[in-house]
Amino acid sequence: MDQDTLLRLPFCPIERTLRVLDTKWTALLMRDLLGGTRRFSELRRSLEGISPKTLTGRLRALEEQGIVHRTIHAEVPPRVEYTLTDYGQTLRPVLEAMAAWGIRDAEREAERSADPEKPRDTEALALAADRATR
């Protein structure tokens, strides 16, 4: 979509997308859910540093937007699982594009600061690419 088309729309599509992904932790939470159904504890472990209150808030907001579905299993203790809805899956190309850009940026940074004595961390870049697309 070209700039002129964007300017003629009654809303900014990029702004609408950012309303979903722009809060802290949300894009990383979506990244984890792209890999399939996750339990609260799995998400919390993956998102090191997020508080339970913040994680609950982000999950509830995504649930209200129809992006995440919450399943509560009647067990003791209760088991709660989160999965992306079909609508939530439509954000996959956006997040994959973000991951691809991040990888290119990391490679660019590594090339710009290349030190002949210090090898590039290609293993870390490959791990990041794999994690971003699971």
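Predicted model: local features only at pLDDT ≥ 70, side-chain atom pairs only at ≥ 80, totals over all residues.
Local features required pLDDT of at least 70 and side-chain atom pairs pLDDT 80 or more, whereas totals for chains, interfaces and linings use all residues. Residues are numbered from 1 along each chain as its sequence is written, and side-chain values use heavy atoms, with hydrogens and water left out.

Three strands form an open sheet in the order β1-β3-β2, with antiparallel pairing. Because β1 (38–39) and β2 stand at the edges, each with a single partner strand, one side of each is left without a neighbour in the sheet. Strands (E, at least two residues) and helices (H or I, at least four) are DSSP runs numbered from the N terminus; two strands pair if DSSP finds at least two bridges between them. Strands β2 (residues 68–73) and β3 (residues 79–84) are joined by six bridges and form a hairpin with five residues between them. Two bridges join β1 to β3. Glu81 in β3 stands opposite Thr71 and also opposite Arg39.

Helix α3 (residues 26–34) lies across β1, β2 and β3, at about 95° to β3. Axes are lines fitted to C-alpha atoms, for helices over the stretch in contact, with angles from 0 to 180 degrees between N-to-C directions. The axes of α3 and helix α5 (residues 52–64) come within 11 Å and cross at roughly 70°, which means that α3 is roughly perpendicular to α5 (65 to 115 degrees). Thr26, Leu29 and Met30 of α3 make the contact with Leu55, Arg58, Leu59 and Leu62 of α5 (heavy atoms within 4.5 Å).

Notes. Parallel < 35°, antiparallel > 145°, perpendicular 65-115°, else oblique.
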